[in-house]
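Subject: Structure handover

Hello,

Please find the structure below, followed by notes on what was found in it. The notes go from the overall fold to single residues.

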Amino acid sequence: MSAKRRATIELAFVTVPLGHLFETVVGGDETDRHKPDPEPLLLAAERLRAKPGVCAYVGDSPFDIRAAKSAGMHAVAVTWGGIHTRERLVPEEPDAIVDTADELFGVL
């Protein structure tokens, strides 16, 4: 799930061929409501045929954490996005905050 438009995501996958690693992709233009509303995350879970309670959403912004929590998903904050500091993410009370991909792997 990205706030970016679906066409932008697909263009990125042409440039950096990682699309095959994803079972589903939801672009920000595919739902009427956007993060922090849970609608886009719930659409991703529906496409995966997964219950939200067994999903984890990983994000680097307070909006991501709010959306995950509203969707009933495990909320994981990452600090490497460079936009929001750890101090800005902590008050959102994510289930986990990680600083590296190795740490992320450990909490998933």
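Helices (H or I, at least four residues) and strands (E, at least two) are DSSP runs, numbered from the N terminus. This is a predicted model, in which local features need pLDDT of at least 70 and side-chain atom pairs count only at pLDDT 80 or more, while totals for chains, interfaces and linings use all residues. Residues are numbered from 1 along each chain as its sequence is written, and side-chain values use heavy atoms, with hydrogens and water left out.

Overall fold

The protein has five helices and three strands, in the order α-α-β-α-β-α-β-α from the N terminus. Its radius of gyration is 14 Å, close to the 13 Å that the globule rule gives for 108 residues, so the protein is as compact as a globular protein of that length. That radius is taken over C-alpha atoms, and the globule rule is 2.2 Å times the number of residues to the power 0.38. Along the principal axes, the C-alpha atoms fill a box of roughly 35 × 30 × 25 Å.

Of the 108 residues, 32% count as buried. Buried means under 20% relative accessible area, exposed over 50%, and partly exposed in between (1.4 Å probe, protein chains only). Contact means heavy atoms within 4.5 Å. Among contacts between residues at least 6 apart in sequence, 36% join residues at least 24 apart.

Cores

A nonpolar core is a set of buried Ala, Val, Leu, Ile, Met, Phe, Trp, Tyr and Cys residues joined through side-chain atoms within 4.5 Å. The largest one has 12 residues, among them Leu 41, Tyr 57, Ile 65, Ala 68 and Ala 75. H2, H3 and E2 are the elements that give two or more residues to this core, and H3 gives the most, with four. A second, separate core of five residues includes Val 76, Val 78, Ala 96 and Val 98.

Helices H2 and H3

In H3 (62–71), the buried residues are Pro 62, Asp 64, Ile 65, Ala 67, Ala 68 and Ala 71. An α-helix has 3.6 residues a turn, so residues three or four places apart point the same way. The cover over the buried residues of H3 includes H2, E1, E2 and H4. Setting aside neighbours within four places in sequence, Ala 68 is in contact with Leu 41, Tyr 57, Met 73, His 74 and Ala 75. After H3 comes Gly 72, which has a positive phi, near 80 degrees.

H2 (39–47) has Pro 40, Leu 41, Leu 43, Ala 44 and Ala 45 as its buried residues, and what covers them includes E1 and H3.

Ala 75

Ala 75 belongs to strand E2 (residues 74–78). Is Ala 75 buried or exposed? Ala 75 counts as buried because its relative accessible area is 0%. Beyond its neighbours within four places in sequence, Ala 75 is in contact with Tyr 57, Ile 65, Ala 68, Lys 69, Pro 94, Asp 95 and Ala 96. Ala 75 and Ile 65 are 10 residues apart in sequence, and their C-alpha atoms are 5.5 Å apart in space.

Backbone points

Lys 35 and Pro 36 are joined by a cis peptide bond, with omega about 20 degrees; Pro 36 is in the loop between H1 and H2. Arg 49 is not a glycine, yet has a positive phi of about 55 degrees. Arg 49 sits in the loop between H2 and E1 and is exposed, at 79% relative accessibility. Glu 93, also not a glycine, has a positive phi of about 55 degrees. Glu 93 lies in the loop between helix H4 (86–89) and strand E3 (96–98) and is exposed, with a relative accessible area of 57%.

Largest pocket

On a 1 Å grid over the protein atoms alone, a pocket is an open set of points where a 1.4 Å probe fits, with protein on both sides within 12 Å along at least five of seven lines; lining residues have an atom within 4 Å of a point. Grid points are joined across faces, edges and corners, and a volume is the space filled by probe spheres set on the points. The largest pocket holds about 1,100 Å³ of space. Of its 37 lining residues, the closest to the centre are Met 1, Ser 2, Phe 22, Tyr 57 and Val 58. H1 (6–15), H2, E1 (56–59) and H3 each supply at least two residues of the lining.

Regards
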